[in-house]
Amino acid sequence: MTNNDILKKLRVALKLRDDDIVKILDLVDFRISKSELGAFFRKEDHPKYMECGDQILRNFLNGLVIHMRGPMPPKKEENKKSS
């Protein structure tokens, strides 16, 4: 199974549109246009097909976590002073 297949299956399972995926990638400061994104969803024999790299899939999954759960709360610093 390729990264493209994983991205396609997640898009269908979560009922995401291209705009949603662009916004999810934007949550992790990864910019991509809708036309670049569309190239990942084409058939492999299409002339404008592009392989989805590991970096894009990783950023999408990280953005998806933020999208579904919300941003991570800031960590509280413990007092490290000993009495």
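The side chain of Asn-4 comes within 2.7 Å of the backbone nitrogen of Cys-52. The model is predicted: local features need pLDDT of at least 70, side-chain atom pairs count only at pLDDT 80 or more, and totals for chains, interfaces and linings use all residues. Residues are numbered from 1 along each chain as its sequence is written, and side-chain values use heavy atoms, with hydrogens and water left out.

**Exercise 1.** Find the buried residues of α2 and say how they are arranged.

*Solution.* In α2 (residues 18-26), Ile-21, Ile-24 and Leu-25 are buried. Seen down the axis, the buried residues fall within an arc of 95 degrees (directions from the helix axis to the C-beta atoms), so they line one face of the helix. An α-helix has 3.6 residues a turn, so residues three or four places apart point the same way. Now look at the cover: it includes α1, α3 (34-40) and α4 (54-69).

**Exercise 2.** Trace Ile-21 into the largest nonpolar core.

*Solution.* Not counting residues up to four places away in sequence, Ile-21 touches Arg-11, Leu-16, Leu-37, Phe-41 and Phe-60. The core has 15 residues, and Ile-21, Leu-37 and Phe-60 are among those touching the most other members. α4 gives the most to this core, with four residues.

Terms used. Polar contact = N/O pair within 3.5 Å; in protein donor to acceptor, adjacent residues only side chain to side chain. Buried < 20%, exposed > 50% of the residue type's maximum accessible area, 1.4 Å probe, protein only. Helix = DSSP H or I, 4+ residues; strand = E, 2+ residues; numbered from the N terminus. Contact = heavy atoms within 4.5 Å. Core = buried A, V, L, I, M, F, W, Y, C linked by side-chain atoms within 4.5 Å.
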